[in-house]
Amino acid sequence: MFIKKNIILSIFNIFFCSFSFASSTDQVKFEKKQTYYERMPKLNKGGVLHFQLSNDPKVMNPLLSEDSESNSVEGYLWMSLFNLDPETLNFIPALATEYVISGDKKSYTFKLNELAKWQDGTPVTSEDIKFTFDTLMNPKTHAAALRSFFEGVSLKVIDNLHFTFHVEEPKFDTLNFLTAFIPIQKKQFELSKDFNNDKGIMNPIGNSAYVMEKYLRSQKIIFKRNKNWWAKDLPDYKNRFNIDEIILDIIPDPNLAYEKFLKGDIDQISFNAEQWNNKVTGIDKEKFGTTPQQKKVWSLKEKNKFPKPYTFIAWNLKNPLFQNVKTRTALSYLVDYKKINDTVYYNLYTQSTSPFGSFTDNSDPELRKKDKIITFDKTKALSLLKEDGWMNDGSGVLFKEINGKKVNFEFTLDTNANNPARLKIAQIVKETYKTAGIKVNIRTTEWNSFLDNLNKRNFESLILGWSGTLFPNAKQIWDSSSEKNEGSNFISYNNPKVDELIKKSNIEFNQSKRNKIMQEINRIIYQDQPYTFLSEVNFILEGLNSKINSPRWISTYESGAASDLFYLVK
Amino acid sequence: MRKYFIRRFLAIIPMFFLMTASYFCIQNYLPGGPVQEAIARIRGMGGEGGSTKSTSMGPEDIKKLTHELEVQYGLDKPALTRYFIWVKNILSLNFGDSLTTRAPAIDQIIERLPISLSFGIPGFFLTYLIAIPLGVVMALKEGSKFDTISSFILFITYSIPALVFAVIFLLIFCTDRFLPFGALFPLGGWRSDNYEDLSFILKFVDLIKHMFLPVLASVIGNFTIFAMLQKDSMLEVIRSDYIRTAKAKGLSDNVIVFKHALRNALLPLMVGFGAVLGTFLGGSIIIEPIFGLPGIGVLSLQSLASRDFNVVMAIVVLQSLAILFGQILNDIVYVIVDPRIEYK
């Protein structure tokens, strides 16, 4: 039976390989490029490290997870089909070793690594892929967000190792989300009556470097290195995941986490700007080294190309006050960006000029030049306001006639409570606007009420932030269609040229051509000023215990320290 | 008296439904909820974190996702229907699952209850153990140096919130910032990492090490007012006619204080005795987060913030019952302390 199976497999392999080589020249095959991990020196294995987790993960199942804590846990337990090299963004084989994309970019055939195994020793097969895909696409599965990526995708299993995704309409990021597909084990869930509430969703059977040993809710999660891990000798993995035991301590309070880090109870921490300025380089300066060799703990400050979160003021364009671009531009000229950066972000942020990460290839390079961007300029602002018809009668508040009625320039600026940085920004904005004759009323509401106001468009202007992402799609926030159904275009931005460019960018597969389109979108949005782009995180700020070493701390496209490379200094 | 207590017990039923129905209505009309929160998280809204999985959600996706999440969280039905379903479920002790962690709501409470109780119970007894004798001695030595110094200290501890004490204790005794010989206590948490491997005695020591400061901070927050109350009550009693008569009869001071005065002077303090049940079961929303204790207090805060309806309602049930039974307990304690009291 074993021989028969192998013969069938060999026949398929011959067919598959000849198909790959003989088909049209448009067909794209995965080409393995050398990665940093292959060149790494051999590292020690062993030891225990404690990391902080802000909250309990909601699930330990990659199909159901949507919160960052669940995603953090996922990273230890499961592998996707391919990983992205954080230095180059090239694909690195993970569960799969090959892919072939058809000439029309509608078929994506993958080959699984024959070595790939679940932690119970059973092989990872196409059946697992099929089961995961079918479970994901079942509308009863609570995976709506992930499922939305796979709308219009179907899956065909070829054999135990090969399978093909067919997509109706290929887009620029189709390969990215297909390679990021994380299968779960069919055996664990095939008899499950209700997948969403199955006990297995908190009892993971993974295929990655770690195995979950114990979970004490709201206290800690313990992971042990899987010493029989199938990928442990593969070139891209043999020197990674060196720590024997990883304990995620659940500490919601950032101040307590900071003190625990200083004491050595947790070994790595990410700082915010305030902690960095007031503590790390302030009152606790003596406690920190700048290299691992100097002190018990040390601090790391590094720039890289990972798109960072950015903060902005959003103008509700349905409000007559903000409908004219001249007024919006004037409002942007009236923001003291330098003061915000100095006093709120301690010079650790830069002025943001793009929704796609101001320093990435998706953003217009011209907007990185100081003379091309909007900076604090009251004279320019007043002249633009005048051009748009705002008048000053000496009362201290500007006015204008809108639809036959005298309207004072007064509005409410919303922000979410428990965010002192945003409140400080609101106060700075209020002060400078007042000097120009614009009255701002600040309103802070707790997060859920804030979201409610935003979704119901019950606001005039607000301060908020968006996360950064490596492959941004402008459709979510900037397409006019995204205004409907509580969509992300909550300011009702509508520019047909931008809509057209978004369509174009989403079907452009050539990365550099796509970058050019995205840059144009960035340019138009910046001219229109529907948001006043405020600040963008500039540095990755990390605290590390000196007992850890690593051949590389942060790579080009990573959002934090490369903890998979950590090992203990003996 | 029996009839009175039977009536009190029966009154619990309508009171319980009134309390839970009110809360169910209130939380139903709170703006925002788990659906909006989940969508915002998926969209990358907030901008404090790193990257997000999805940034391509169009309006149709949002509409579909909203509906799916409403079904997922059981929010697709009208509030009244949901309340009746909830009542039906809790009658079979099914409190539903947490909307955020998917674990049964009651399991989360059961997991966290020992943590809240392990500093709530010692805190309660210590509060009474310190407040009663201190108040009595202050009353007996009214105007003395001891009374002046004690009153001054009580004034300070009353003026400073428990929150501040907790933070100060944490910084002084749990870090090596101030003490030359380093930290005396662990920096928050409930147990050490190696707790499971410890012997029974070492487990007890470990628990005390973790609970000492939280208990101290909660006691300081409570005992001042109790001590002052006890002092005033004692003063009132020892100035009364029957104590003067007892003194005139030549009874010893100890007999007068402990046999005649104290029992009556304790009555005002007993007013809040039953309510303490609620405090035990509700945890502390001040002390727990500071010391990283994942108790009921922290759970209440987190669940309210994330509109985790099932967990909030499970806590409301627990607290409602604790308050209602606590009132009956109060009546019983009154009778024990003063047998002259008779309920009709």
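1. The UniProt record, in an unreviewed entry, places the feature "transmembrane region" at residues 9–30, 119–140, 152–173, 211–229, 266–291 and 311–337 of chain B; UniProt positions are given in the numbering used here, feature names are shortened, and annotations may be inferred rather than shown by experiment. This is a predicted model, in which local features need pLDDT of at least 70 and side-chain atom pairs count only at pLDDT 80 or more, while totals for chains, interfaces and linings use all residues. Residues are numbered from 1 along each chain as its sequence is written, chains are lettered from A and ligands numbered from 1 in the order in which they are written, and side-chain values use heavy atoms, with hydrogens and water left out.

2. Two of these spans can be described further. Residues 9–30 of chain B are 91% helix and 0% strand, with end C-alpha atoms 32 Å apart, and residues 152–173 of chain B are 91% helix and 0% strand, with the end C-alpha atoms 24 Å apart. Helices (H or I, at least four residues) and strands (E, at least two) are DSSP runs, numbered from the N terminus.

3. On confidence, the model scores ipTM 0.81 and pTM 0.86. The pLDDT, which is the predictor's confidence in each residue, from 0 to 100, averages 85 in chain B, where 96% of the residues score at least 70. Within chain B, confidence is lowest in helix 11 (residues 275–282), at a mean of 72, and highest in helix 6 (residues 145–159), at 91.

4. Arg8(B) is part of helix 1 (residues 2–28) of chain B. Neighbours within four places in sequence aside, Arg8(B) is in contact (heavy atoms within 4.5 Å) with Gln327(B), Ile328(B) and Asp331(B). By C-alpha atoms, Arg8(B) is separated by 44 Å from Leu170(B), 162 residues apart along the chain.

5. The axes of helix 10 (residues 253–270) and helix 14 (residues 309–337) of chain B come within 10 Å and cross at roughly 175 degrees; the two helices are therefore roughly antiparallel to each other, a label for angles over 145 degrees. Axes are lines fitted to C-alpha atoms, for helices over the stretch in contact, and angles run from 0 to 180 degrees between N-to-C directions. Helix 10 contributes Arg263(B), Leu266(B), Leu267(B) and Met270(B) to the contact, and helix 14 contributes Asn330(B), Val333(B), Tyr334(B) and Val337(B).

6. Chain A averages a pLDDT of 92, and 96% of the residues score at least 70. However, pLDDT stays under 50 over residues 1–24 of chain A, for which the model has 16 contacts beyond four places in sequence. Where pLDDT is low, the predicted coordinates should not be read in detail.

7. UniProt, again in an unreviewed entry, places "domain: Solute-binding protein family" at residues 91–485 of chain A. Over residues 91–485, chain A is 27% helix and 24% strand, and the end C-alpha atoms are 36 Å apart.

Methods. Parallel < 35°, antiparallel > 145°, perpendicular 65-115°, else oblique.
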